[in-house]
Amino acid sequence: MSDLQPKLLYVLSGALVAGLIWMLVDAWRGYRVRSWLRHGDLAIAPQMSGWWGVLLDRARKLLRDRERSIDAGEQRLKDFLSAIQSSPNGVVMLDALAQIEWCNQTAATHLGIHPERDVMQRVGNLLRDPVFTAYMAVEQPIEPVVIPGHRHRIERPVHISVQRHRYGEGKQLLLTRDVTMLEQAEAMRRDFVANVSHEIRTPLTVLSGFVETIQTLSLTEEEQKHYLSLMATQAHRMQVLVEDLLTLSRLEGSPVPSVLQSLPIAGLMDACEQEARGLSASLAQGNVAHHIHFVIEPSLRDCLLLGEARELQSALSNLVSNAVRYTPAGGDVHVSVDHGIDGSLLIEVRDSGAGIAAEHLPRLTERFYRVDRSRSRESGGTGLGLAIVKHVMQRHGGTLSITSELGQGSCFKLIFPSKRWRQAA
Ligand code: ADP
């Protein structure tokens, strides 16, 4: 018994020391797990066995899942923002105090705000346009407003449409859109309708005046003939105008002419020469007619223009008619066909008329643009001739070039690319 007691004591104290060491080691492992959990960095996760190991594996898995779902969420947000970034429309997100939370680059360009520097700035402090200020003051606006864009200049207008929507808790979304082209098209449409109405009203007024005169006054046969011929002139004017309008609408609405259709250049030149001589004779009225020359470079005599015959005929005919109408009797009208650079084909219509001042040249092909309105009308012009020529050339992949000097005459060139002409087989 006395032998047993020290042995038991020895075993017990050994177990106590072992238990203490185990507790210390366990506490140390617990401390490592706790400090790792604080940072939660998967890359430096401690490796352990036993219960702590099981616990660590579980925690590691949960952390990995959470990281994955955060990454996926971030990726979704990035995709969403880059989709809004690439939108042609501008987007500005405002908080409940109308401060900018985020905007895409398009909105920044439209409104002149900075996507980073202006974050948390009140939008009303950055955009001072009175129309925009009034729009932001409306509680529930229905229609968008149009304000001048950041890059708006008198000579180069930029119009931006802004629409506001409410979302979330008092937050707002501003959607912006560049409507400059739309507004220009709308203005052009309005001008066009006004011009057409005006052009038709003038001969109509004259016509109805003559009808009234014939109805109310007892006229001699001679006088009646005179009035009827004046009425025929006005009716003809309206007819030409309607024909030109129909030509323009046909040009705008039909597909690009095929290169399988063709028109012999010699035939085109002959037809236009006859027209020019007829017009010159009718305008000269006893005066000496114009000196008219039509010349084709010999190697091009048999060539063909590829495209819609009626359109090509109308383009050259308009240029030749202008050359005769705007050149005084006795002047020169010279039409030539020649090789251009890069294998193109040139048809040049040159006259020795009054010429055109430089400031008018860029606008000549606009519909109803005339340098001298009364002169154009007197000689039967509609103001649509050069617009038709420009359209025809665009549809055939070619260009119309105009050079002129006041008092020196004018030169109109039709330039056809190589794919729009060929030698006859
Ligand atoms: P219009 O029917 O009035 O002639 P166009 O569109 O053919 O209409 O021409 C537009 C304007 O360009 C004319 O009104 C005229 O002022 C000017 N113009 C055109 N061709 C000539 C030319 N050969 N010489 C001088 N002015 C011209």
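The model is predicted, so local features need pLDDT of at least 70 and side-chain atom pairs count only at pLDDT 80 or more, while totals for chains, interfaces and linings use all residues. Residues are numbered from 1 along each chain as its sequence is written, and side-chain values use heavy atoms, with hydrogens and water left out.

**Domains**

- The chain is divided into domain 1 (4-84), domain 2 (87-178), domain 3 (183-254) and domain 4 (256-423), with bounds that come from an automatic or database domain assignment.
- Taken over C-alpha atoms, the centres of domain 1 and domain 2 are 52 Å apart.

**Around the ligand**

- Which residues come nearest to the ligand? They are Asn-322, Arg-325, Tyr-326, Ser-376 and Leu-386, out of 20 residues around the ligand; a residue counts as near if one of its heavy atoms lies within 4 Å.
- By class, this shell has nine nonpolar, seven polar and four charged residues. Here Ala, Val, Leu, Ile, Met, Phe, Trp, Tyr, Cys and Pro count as nonpolar, Asp, Glu, Lys and Arg as charged, and the others, Gly among them, as polar.
- Helix 9 (309-325), helix 11 (385-395) and strand 12 (409-416) each supply at least two residues of the shell, and helix 9 gives the most, with three. Helices (H or I, at least four residues) and strands (E, at least two) are DSSP runs, numbered from the N terminus.
- A polar side-chain atom of Arg-325 lies 2.7 Å from an oxygen atom of the ligand, and an N or O atom in the side chain of Asp-351 is 2.9 Å from a ligand nitrogen atom.
- Thr-382 takes part through its backbone: a polar backbone atom there is 2.8 Å from an oxygen atom of the ligand.
- On its own the ligand has 530 Å² of accessible area, and the protein covers 97% of that (by the Shrake-Rupley method with a 1.4 Å probe).

**The cavity**

- A search of the whole structure finds one cavity of 30 Å³ or more. On a 1 Å grid over the protein atoms alone, a cavity is a set of points where a 1.4 Å probe fits but cannot get out, and a pocket is an open set with protein on both sides within 12 Å along at least five of seven lines; lining residues have an atom within 4 Å of a point.
- The largest cavity has a volume of about 50 Å³, where volume is the space filled by probe spheres set on the points, and points are joined across faces, edges and corners.
- Its lining consists of Glu-199, Arg-237, Leu-241, Arg-370, Gly-381 and Thr-382.

**The second largest pocket**

- This pocket holds about 470 Å³ of space.
- Of its 15 lining residues, Met-188, Thr-365, Glu-366, Arg-367 and Phe-368 lie nearest its centre.
- Helix 6 (180-216) and helix 11 each give two or more residues to the lining, and helix 6 has the largest share, five residues.
- Domain 3 and domain 4 each contribute at least three lining residues.

Definitions and conventions
A polar contact is a pair of N or O atoms within 3.5 Å; within protein, one must be able to donate a hydrogen and the other to accept it, and residues adjacent in sequence count only if both atoms are side-chain atoms.
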